[in-house]
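Here are my notes on this model.

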Amino acid sequence: MNHIPKDPVMLLSYLNTQLRDFYSSLEDCCGSLSLDQEQLLKTLETIGYKYNPEKNQFI
C-alpha cells in the first residue's frame with residue numbers, strides 16, 4: 001500500500017474518488033490496485049467510515 005495515502009482521511013478521499021471514477025466495487029478496486037481490502041476497511045473504520053456496496057463508497 002505504498003502508492004496510496006497513509007493518512008486515513010486522505011485515504012478516504014482517494015478511495016471514494018477511485019470508486020466513483022473507475023471501479024464498480026471495492027473488490028474490483030482492491031484487485032486492480034493490489035490493495036489489502038481488509039486492511040483498508042480496518043483503517044477507515046478507525047475514522048468512522050464503512051463501505052456501502054449499494055452506493056459504492058465509504059460513508
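1. Accessible areas here come from the Shrake-Rupley method with a 1.4 Å probe. On that basis the chain exposes about 3,900 Å². Carbon and sulfur atoms supply 49% of that area. Keep in mind that this is a predicted model.

2. What is the order of elements along the sequence? The pattern reads α-α-α-β-β. That is three helices and two strands in the chain.

3. On overall dimensions: the radius of gyration is 10 Å, close to the 10 Å that the globule rule gives for 59 residues, so the chain is as compact as a globular protein of that length. The C-alpha trace spans about 25 × 25 × 20 Å along its principal axes.

4. On burial: of the 59 residues in the chain, 36% are buried. Buried means under 20% relative accessible area.

5. How do helix 1 and helix 2 pack? Helix 1 covers residues 8–21 and helix 2 covers residues 26–33. Their axes lie 10 Å apart, at an angle of about 105°. Angles of 65 to 115 degrees count as roughly perpendicular, so helix 1 is roughly perpendicular to helix 2.

6. Which residues form this contact? Helix 1 brings Y14, L15, Q18 and L19. Helix 2 answers with L26, C29 and L33. The contact of helix 1 with helix 2 divides into six nonpolar residues, one polar and no charged.

Methods: Residues numbered from 1 in each chain as written. Predicted model: local features only at pLDDT ≥ 70, side-chain atom pairs only at ≥ 80, totals over all residues. Heavy atoms only, no water. Axes fitted to C-alpha atoms, helices over the stretch in contact; angles between N-to-C directions. Helix = DSSP H or I, 4+ residues; strand = E, 2+ residues; numbered from the N terminus. Parallel < 35°, antiparallel > 145°, perpendicular 65-115°, else oblique. Contact = heavy atoms within 4.5 Å. Nonpolar A, V, L, I, M, F, W, Y, C, P; charged D, E, K, R; others polar. Rg over C-alpha atoms; globule rule 2.2 N^0.38 Å. Buried < 20%, exposed > 50% of the residue type's maximum accessible area, 1.4 Å probe, protein only.
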